[in-house]
There are 2 protein chains.
Amino acid sequence: MSTVTTDIEGLLAAAAAAARPFGALAPATRATMLRAVADALDAAAETLIPVAMRETRLPEPRLRGELVRTTFQLRLFAELLDDGGYLQVTLDAPDPAWPTGPRPDLRRMLIPVGPVLVFAASNFPFAFSVAGGDTAAALAAGCPVLLKAHPGHPELSRRTAAVVVDALAAAGAPTGTMALFEGDEQARAALVDPRVRAGAFTGSEHAGRLLFDLAATRDEPIPFYAEMGSVNPVFVTEAAAAARGPEIWAGYVESFTLGTGQFCTKPGLLFVPAGAAEADLVKLVTGRPATPLLGERIAAGYRHTLGMLADHPAVRVLVAGTEPTTGPTAGGPTAGAVTPAGATADGVTPGGVTADGAAADGVTPTLLATGIADWLRDPGVLAVECFGPTSLLVTYDDPADLLTAARALGGQLTATVHGEDTDDVLAADLLAELRERVGRVLWNGWPTGVSVSPAMTHGGPYPATTSLHTSVGTTSITRFLRPVTYQSLPARLLPEPLRDDNPWGIPRHRYGV
Amino acid sequence: MSTVTTDIEGLLAAAAAAARPFGALAPATRATMLRAVADALDAAAETLIPVAMRETRLPEPRLRGELVRTTFQLRLFAELLDDGGYLQVTLDAPDPAWPTGPRPDLRRMLIPVGPVLVFAASNFPFAFSVAGGDTAAALAAGCPVLLKAHPGHPELSRRTAAVVVDALAAAGAPTGTMALFEGDEQARAALVDPRVRAGAFTGSEHAGRLLFDLAATRDEPIPFYAEMGSVNPVFVTEAAAAARGPEIWAGYVESFTLGTGQFCTKPGLLFVPAGAAEADLVKLVTGRPATPLLGERIAAGYRHTLGMLADHPAVRVLVAGTEPTTGPTAGGPTAGAVTPAGATADGVTPGGVTADGAAADGVTPTLLATGIADWLRDPGVLAVECFGPTSLLVTYDDPADLLTAARALGGQLTATVHGEDTDDVLAADLLAELRERVGRVLWNGWPTGVSVSPAMTHGGPYPATTSLHTSVGTTSITRFLRPVTYQSLPARLLPEPLRDDNPWGIPRHRYGV
């Protein structure tokens with residue numbers, strides 16, 4: 001844990017001072033700044049990647065890919081800004097015959113909400129950390145960012161922040177547009193400070209809810225966009241198991257063990273016809289190499305949740321992977337997760353130990369199984385997220401039970417159906433249930449691997465998120481914008497996007513003109 | 001207060017059952033239902049208007065105009081549905097070369113959140129009540145509505161609900177699409193029920209915050225869109241006072257006394273050059289006729305807040321209007337507002353007394369005054385909303401103090417500047433401060449009279465609202481929608497708006513195709 005002392009009051013004052021000039025920039029100007037940040041991060045790759053490898057134990061190809069995603073994301077937001085449609089400019093011409101009474105000249109646009117507090121995650125040291133998705137969306141919207149560093153990769157966080165801050169300054173952004181800080185107390189002070197206008201978080205349900213509650217109980221509540229837990233159920237029909245069983249089982253094992261199972265989209269539940277998959281899956285899971293977890297606290301949380309599942313009277317252990325060894329400081333996930341500033345994308349909170357401890361030994365995957373009748377008796381426990389390389393097979397005899405299972409699920413980031421052409425009646429019913437509970441529905445695919453694109457939704461009903469928004473993709477920018485309408489202003493006092501001559505060339509909706 | 005016993009469990013079950021079939025209808029089909037409701041309300045006008053007059057004491061022309069607004073609003077949402085662009089359909093074509101890895105087929109649309117709990121307001125018995133803006137927006141989005149009736153106009157509420165429910169049924173909407181209920185306990189039970197997925201409210205800050213807190217502390221928090229207090233400051237420059245003083249003073253008095261001052265957009269503060277306005281305003285306000293308040297509790301709240309302002313050591317009473325007489329049941333506004341189900345748009349909570357009491361005697365307007373230095377010492381009290389025909393004149397000598405005053409304001413629905421061509425430097429600075437605090441900025445106009453149109457924003461930073469959304473105008477529909485992305489689904493299992501053949505003919509954003 002860092003011993004850096006952060007002047008949080010100074011950072012808050014600087015962010016507040018930057019909000020108006022940064023927010024008033026033409027979107028195309030902010031676009032050049034985002035591209036400058038992306039270029040600077042690319043240029044710093046050879047410095048940043050080794051630090052990331054050392055602090056997170058993630059393999060180099062994964063980290064290089066993640067950095068590509070991070071800089072691509074910044075450039076995708078730059079494109080969105082160049083277009084300008086995200087401002088949702090709407091112009092109502094004056095209309096003396098308007099049925100509710102003479103309509104004045106009304107001009108609406110979205111404006112930035114002000115400084116945003118972003119909590120970095122541990123499991124994406126680039127893409128959901130200092131220069132990650134929340135930061136990119138907030139900066140794109142025109143909001144200064146106060147970034148709470150994740151203690152799981154402190155040096156990487158500081159180095160990344162230095163690159164971002166320098167690139168923004170060189171590109172002409174106001175001082176205070178971006179700042180990194182560390183420390184739980186500082187994070188709490190910032191979250192309840194009136195100058196902070198929104199919060200964004202990726203991590204555990206426990207920590208996310210705690211922070212959401214802090215934001216909601218302020219004198220002036222602010223939106224707190226937490227992306228939290230998800231178990232990402234996968235439903236395999238009888239026809240799909242018969243037609244493509246081996247292919248599905250292989251895909252499943254790859255998906256739930258990817259990145260040592262440390263993804264919020266990891267499939268934690270696989271519903272399969274009884275007898276169809278077990279033998280094959282046992283073969284596929286047995287003998288896989290051990291891979292490291294991100295840190296001690298994650299290892300402790302994984303051991304705790306895995307133990308709870310494996311010890312459940314209705315659960316059989318098909319393949320017992322190695323349990324992580326943990327040092328004496330590790331506690332259960334709850335013990336760690338109550339300190340909000342240590343929030344992570346993994347269900348637990350890293351404490352004073354970096355990844356140099358026992359978690360480095362790595363773990364092999366675990367496969368559990370239960371029957372759907374048992375599962376339906378205790379979904380509150382058997383649908384709990386287990387952050388790490390474990391998944392639970394749920395076997396069924398009656399396909400109608402799949403609908404019952406879908407109805408028993410809480411909010412999810414994703415749900416997946418593997419089916420065939422002959423499954424349309426069941427699949428339609430299942431999809432109708434699932435879409436009411438999730439942000440993304442997949443067909444014959446796997447939920448890991450979230451594309452950064454305009455049509456992506458990475459969100460879902462609580463506890464997947466605390467809002468109606470996505471945290472991945474270009475529409476995530478709307479989290480940090482709110483509408484303002486100008487009524488009957490002279491042209492010379494209107495913001496550029498609302499002027500008749502449209503100097504920024506923004507696409508606009510016009511009514512009555 | 002009604003003695004009707006409501007089976008809230010039955011209503012919740014019916015709303016939950018209606019959610020999927022109602023939400024799955026083609027938008028154009030829901031549009032015909034909204035138009036059927038509008039037609040039925042128009043046809044029932046001669047029945048509803050007399051009941052409204054008796055229960056609210058509002059004058060007939062105002063109520064007829066409000067009914068026009070109400071049915072127009074339903075038809076405007078119908079137009080939005082016919083267009084379909086509100087679904088924000090976005091299609092990402094598969095792209096094997098996508099920089100973050102091969103992009104699958106991704107198709108995003110907005111879907112309804114599910115049953116919505118709407119709290120009716122007292123001061124708009126049509127436009128913010130049973131068939132008002134929140135109801136229209138929720139039904140348009142495809143969400144069943146549970147409507148908490150306002151006890152200030154119980155018979156009108158029941159009759160209006162009967163018209164709406166019958167019209168929806170005749171148009172083919174599922175049973176449970178709309179239901180009225182009464183009672184505080186029922187409202188609390190509904191708000192914390194898992195089947196309710198969002199709440200909407202127009203009323204006092206006190207009641208709104210209480211309900212917001214209930215929604216935010218559920219096991220699964222839901223968005224609660226409360227439109228609450230606002231003092232709607234108006235700033236008059238020296239040049240405007242010199243050029244158009246009499247016109248401005250007349251407009252101000254009309255605006256703050258309109259509807260006996262019972263509008264959330266009533267201008268409660270007028271910043272004017274010292275010596276410019278007092279004499280004229282005293283003449284304009286003196287001798288105006290008494291007009292009735294909506295009910296006993298509003299009268300009690302008005303008397304309480306007016307007394308607090310008039311007794312403030314820094315405040316001078318320029319014109320002492322009549323204070324409302326109140327019966328023995330009336331308490332301060334706080335006493336009433338703690339019961340959430342009695343929430344109103346007026347700062348207090350009607351209790352067991354309808355409008356037949358002392359409030360019917362009516363009140364004449366009150367004009368107060370203070371200096372800007374005094375105002376700046378105590379904006380926490382002197383910028384409090386006083387729901388009724390009272391406004392506070394704040395005189396200044398140094399125009400720079402206007403900026404200081406703007407910075408001292410909390411969130412507002414509106415702010416207005418009256419200025420001339422020569423004021424551009426001051427006006428630009430003032431507008432920059434104001435837009436960070438409000439949802440609508442006006443120039444040389446008055447905030448009362450909120451146009452129902454695409455570009456309207458009726459919302460603002462807390463305490464004006466608890467969200468980043470408007471509650472008036474077509475974009476208010478987004479409060480009741482959330483995104484879902486379909487990944488790689490076969491065409492036959494996709495919802496209509498996402499199919500390649502686009503059977504509903506919806507405008508769509510396409511990427512990579």
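The crossing of helices H4(A) and H5(A) is right-handed, a crossing being right-handed if the near helix is turned clockwise from the far one by less than a right angle, and left-handed if anticlockwise. This is a predicted model, in which local features need pLDDT of at least 70, side-chain atom pairs count only at pLDDT 80 or more, and totals for chains, interfaces and linings use all residues. Residues are numbered from 1 along each chain as its sequence is written, while chains are lettered from A and ligands numbered from 1 in the order in which they are written.

**The helix pair in chain A**

- Two packed helices are described by the angle between their axes and the distance between the axes.
- The axes of helix H4 (residues 60–83) and helix H5 (residues 133–141) of chain A come within 10 Å and cross at roughly 20 degrees; axes are lines fitted to C-alpha atoms, for helices over the stretch in contact, and angles run from 0 to 180 degrees between N-to-C directions.
- H4(A) and H5(A) are therefore roughly parallel to each other, a label for angles under 35 degrees.
- H4(A) contributes A:Gln73, A:Leu74, A:Phe77, A:Leu80 and A:Leu81 to the contact, and H5(A) contributes A:Gly133, A:Ala136, A:Ala137 and A:Ala140; residues are in contact if their C-beta atoms, placed from the backbone, lie within 7 Å.
- By class, this contact of H4(A) with H5(A) has 7 nonpolar, 2 polar and no charged residues (Ala, Val, Leu, Ile, Met, Phe, Trp, Tyr, Cys and Pro count as nonpolar, Asp, Glu, Lys and Arg as charged, and the others, Gly among them, as polar).

**A sheet in chain A**

- Chain A holds an open sheet of 5 strands in the order E5-E4-E3-E6-E7, with parallel pairing; helices (H or I, at least four residues) and strands (E, at least two) are DSSP runs, numbered from the N terminus.
- Its edge strands are E5 (178–181) and E7 (224–227) of chain A, each of which pairs on one side only.
- Strands E3 (residues 116–119) and E6 (residues 198–202) of chain A run parallel and are joined by 4 bridges, where pairing requires at least two bridges found by DSSP.
- A:Phe119 stands opposite A:Phe201 in E6(A).

**Domains and the two chains**

- Chain A is divided into domain 1 (26–228 + 469–511) and domain 2 (233–443), with bounds from an automatic or database domain assignment.
- The centres of these two domains of chain A, taken over C-alpha atoms, are separated by 32 Å.
- The contact between the chains takes 62 residues from chain A and 62 residues from chain B.
- Strand E14 (residues 438–443) of chain A pairs with E15(B) in the parallel sense over 3 bridges.
- A:Arg440 stands opposite B:Thr485 in E15(B).

How values were computed
Contact = placed C-beta atoms within 7 Å. Parallel < 35°, antiparallel > 145°, perpendicular 65-115°, else oblique.
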